[in-house]
Amino acid sequence: MSRRLLALHLSARGGPAFAASLTVITLLAWAGGSWLASRPYFDGPAARIPVVALAPLLAVLLIGPTLNGADEDLERSTPLPWRTWRAGHILLAALAIAAALSLTGLHKPHVFGAYALIRNTLGCVGLLTGAAALLGARLAWLPAFIYITAVYAAAPRHGNTAATIWAWPVQPSSSGASWTVATGLFILGTASYMTYGSRPRDPVR
Amino acid sequence: MTTVSVEGLRVSYGKRVVLDGLDLELGPGVHGLLGPNGAGKTTLTRVLATVLRPDRGDVRLLGHRIDDHSGLRQARRRLGYLPQTFGFYPRFTVREFVEYFAWLKEMPPARIPLAVDRAIERVGLLDRADDRMKQLSGGMLRRAGIAQAIVNDPRLLLLDEPTAGLDPEQRVQFRALLREVGLDVVVLVSTHLVEDVVAACTRVSVVDGGRLVFTGLPDELIGTGGDSDSGDSPIERGYTAVLRGARTAPR
Amino acid sequence: MRRALRVEVRRGTAPFAALAMFGAGVWMLAVHPDDWGGRWAGLANYLRMSMLILCALMIAAGAWQAGRERRRDIDELLASAPRPGWQPLLVAWLAVALAGTAGVLVAFAGAAVLVARVATYTGGGWWWTLAVGILALGAAAALGVFVGRIFSLRVVAPIAGLAAYLGLGIATYWAGRAAAWLSPVYGGWAADRLVPVRVTALQAAWLAAVAALMLAAAARLRRTAILAGGLAIAVAVPIITGPAARRLPADPAAVELVCTATGPQVCLSRINAFLIDDVTAVAQPILAHLDGIPGAPRRAVDQAAQPDGQPIGENHETVWLNLNYQSTALGGLTSPDQLRADFRQVTRPACMDASGRREVDQQVYLTDALATAWMLDEPPTADTPLARLRALPIPEQRAWFAAYLDAAGRCDGPSLIRLGQL
């Protein structure tokens, strides 16, 4: 019964479309990463920063529409333990993305490879789920989108302590501070989404 | 004076034929359009609203053929339409929403402010005119939808289930509005609520299975019903009698 | 039209677009003030650099706005209205484009106030760079409107934005090719360079044609779309076959030298002249320290004024200072240490092999470091060669440095190693 319910839940939230898009993004990330790493004017794996910063973001944005159902009020009126379901939903999605993307970065995993992809997936999921709790699933993509693109566009030239914190998505995976920030965001975002769910649409009505 | 004339109308979605060989003539007055779910009421309304292009048939609105580009535009200027599922921009205020549609209906800019106020007043939303659409209740939203439909003083007003979501008092007011508008305008009201038809309509048509199976005065529809027909009111009995007759008759 | 536009600007995606663009503009400006401080052309170029994120945001905003009709189920009502479909579309685009552009310009106007306080050169056609940037924002919004019309899903807005971001990012890797002019993102030319009028005009025409093409395609105006597409191709061809961005001519008025009147001469190009007091404070003591030593430079000059093709170090009379990233937001010097580091070119041994690679022996390198430390008057630590050098009488120190310069100029390894053994 529970497996049937899981299948229904996944298809209600657009699971198949998510899986298909994730596959496409993974392939693109792999192709883009290989292309960048083979450019002569870059020093090897560090060239993959664009992929490392943007591929997790792109994949995580796809979780956005799955964060609430067609009618959130209707779903919440059911006796299902929604907190557990929400937490499971996020963990499953994060796991799927992290697993798929880290496959593309296994070549030299420590310098901007698999580890950094996993870290950025965690951070982006945190931003997205936190935003879903605050702004609703419709606009959940916005903060993560703006933050990551802004950080990437303005990647700091000189590293200092403050930069390793705010520019966590473009740090090498050896930077402990960046992991702390990303994990913190993940825990915070997932916890708030788990507790409050995505903010209901048009609360007045 | 006929302002809407439809001849040999055929509409299909893929293989499913929704309207077939439908003929209809409408003059000024309030026309009720009755029929079971899936009978083709909404499809007919959408064709008359020029949103749906028929496969076949001749449609003339207000003297313009709708397959002629400039005629279509002329007809649309004098057309008011409220779809069954009615979308809106939640951040717009009621006034802005109606104003925006006045612009879309190519009203002369100088006439817009007054026309907008009048339309909002006629649906009784003047005190909420500067509230955002998303703050309105379901009934108010529908009234805002009616306001956008009548803002351009249409000669042809198409309302698809306009009374859904209105409370009894609002429905009484709405019927009064219909009667007032219908004095010199063609109003087509598609509805499931037969009492609306008795109270507000000068003529009534019944659609079933994609064909027009009855057209006449409400009293004539009532007259077709016998005591053996199901229904709680004379017009409901008339309505079921017409449907039963249409279904047993050979096509 | 004006009425509908007013409503869209207030209630559509426009206010959010303005806010997001303002935020992005402020953020970009705050991260790298050294790219734009004190220079009008630098500020305009920086706007174009920021196009990477600004265009992505505009595309997202356009897609969000244009997907609204279908998401909100309002296309049915729109279809029954007599007004031709391209007009509401145009209004929607105009609202987003105007609001977004206004947001960016407000952010950049703040920076412009800071620039205006100190800037010493106002020419250079930077406003054309700015104008092309504004056109690019309009074109980006149009592209977004087109995408939003085709796909009404909400998630399409960020995905289209990200895709544009990636596309523009990849295009910056082409900076060496002429095709890079098709991207509105700044191709990395220095603030003192002049973009040819022909290129600017073609770029503007290209962006306008793309905007028209996207809007016409979104409104399903086939003939207009074909016309605009034809124009876009017609403009793109001369851009692609034209010259690339790397070798742009210097703006002669911008690189005109402004020199100090007293003390050892320090000359900056006019565009960087607002830094002259700060630079003089760093450069003059070093020049004074070297004054009269045979082979030592007698003046420091802004590298921007260096004639094209002349490598650094050719002219021993002159030290070239790189001031490209040397201005703070308020117009001060970012890094005196960086400026002092530019003096290393004086002491660098001229040891290049045929391929231009510098092959230096470790001991030669130590002597180089010693000479540099002496030149820059760095404080010695006890019992190092530098301390021993400083312990000599002044004339002997100067003679040592002259000998070093002579040996370094000839890449005389043995002499350099001997000089290092103090």
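In which sense, left-handed or right-handed, does α3(B) pass α1(C)? The first legend takes this up, after two notes on the model.

This is a predicted model, where local features need pLDDT of at least 70, side-chain atom pairs count only at pLDDT 80 or more, and totals for chains, interfaces and linings use all residues. Residues are numbered from 1 along each chain as its sequence is written, while chains are lettered from A and ligands numbered from 1 in the order in which they are written.

**View 1. Helix α3 of chain B meets helix α1 of chain C.** The crossing is left-handed (that is, the near helix is turned anticlockwise from the far one by less than a right angle; clockwise would be right-handed). The helices are residues 94–104 of chain B and 2–11 of chain C, with axes that come within 9 Å and cross at roughly 140°. Axes here are lines fitted to C-alpha atoms, for helices over the stretch in contact, and angles run from 0 to 180 degrees between N-to-C directions. α3(B) and α1(C) are therefore oblique to each other (under 35 degrees is roughly parallel, over 145 roughly antiparallel, 65 to 115 roughly perpendicular, and the rest oblique). From α3(B), B:E96, B:E99, B:Y100 and B:W103 meet C:R3, C:A4, C:V7 and C:R11 of α1(C). Helices (H or I, at least four residues) and strands (E, at least two) are DSSP runs, numbered from the N terminus.

**View 2. The side of chain B that touches chain C.** Here 24 residues of chain B are in contact with 17 residues of chain C (contact means C-beta atoms, placed from the backbone, within 7 Å). On chain B, the elements giving two or more residues are α2 (69–77), β6 (79–82) and α3. α3(B) gives the most, with five residues.

**View 3. Helices α5 and α6 of chain C cross.** The axes of α5(C) (residues 86–118) and α6(C) (residues 126–150) come within 9 Å and cross at roughly 140°. That makes α5(C) oblique to α6(C). This crossing is right-handed. Among the residues of α5(C) that meet α6(C) are C:L89, C:W93, C:V96 and C:V104; on the α6(C) side, they include C:I134, C:L137 and C:V145.

**View 4. The open sheet of chain B.** Six strands line up in the order β6-β7-β8-β3-β9-β10, with mixed pairing (strands pair if DSSP finds at least two bridges between them). β6 and β10 (211–216) of chain B are the edge strands, each pairing on one side only, and the twist averages 15° from one strand to the next. Strands β3 (residues 29–34) and β9 (residues 203–208) of chain B pair in the parallel sense over four bridges, with B:G32 opposite B:V204. Helix α9 (residues 234–248) of chain B packs on the sheet, touching β3, β9 and β10 of chain B, and its direction makes about 40° with that of β9(B). Helix α1 (residues 41–48) of chain B lies across β3, β7 (156–160), β8 (186–190) and β9 of chain B, running at about 150° to β8(B).

**View 5. Parallel strands β2, β3 and β4 of chain C.** β2(C) (residues 265–269) pairs with β3(C) (residues 299–302) over three bridges, and C:V266 has C:A300 as its bridge partner. Getting from β2(C) to β3(C), the chain goes through helix α10 (residues 276–290) of chain C in a left-handed β-α-β crossover (right-handed would be a clockwise path from the first strand over the helix to the second, with the strands pointing away from the viewer). β3(C) also pairs with β4(C) (residues 318–321) over four bridges, where C:D302 stands opposite C:L321.

Technical notes
Contact = placed C-beta atoms within 7 Å.
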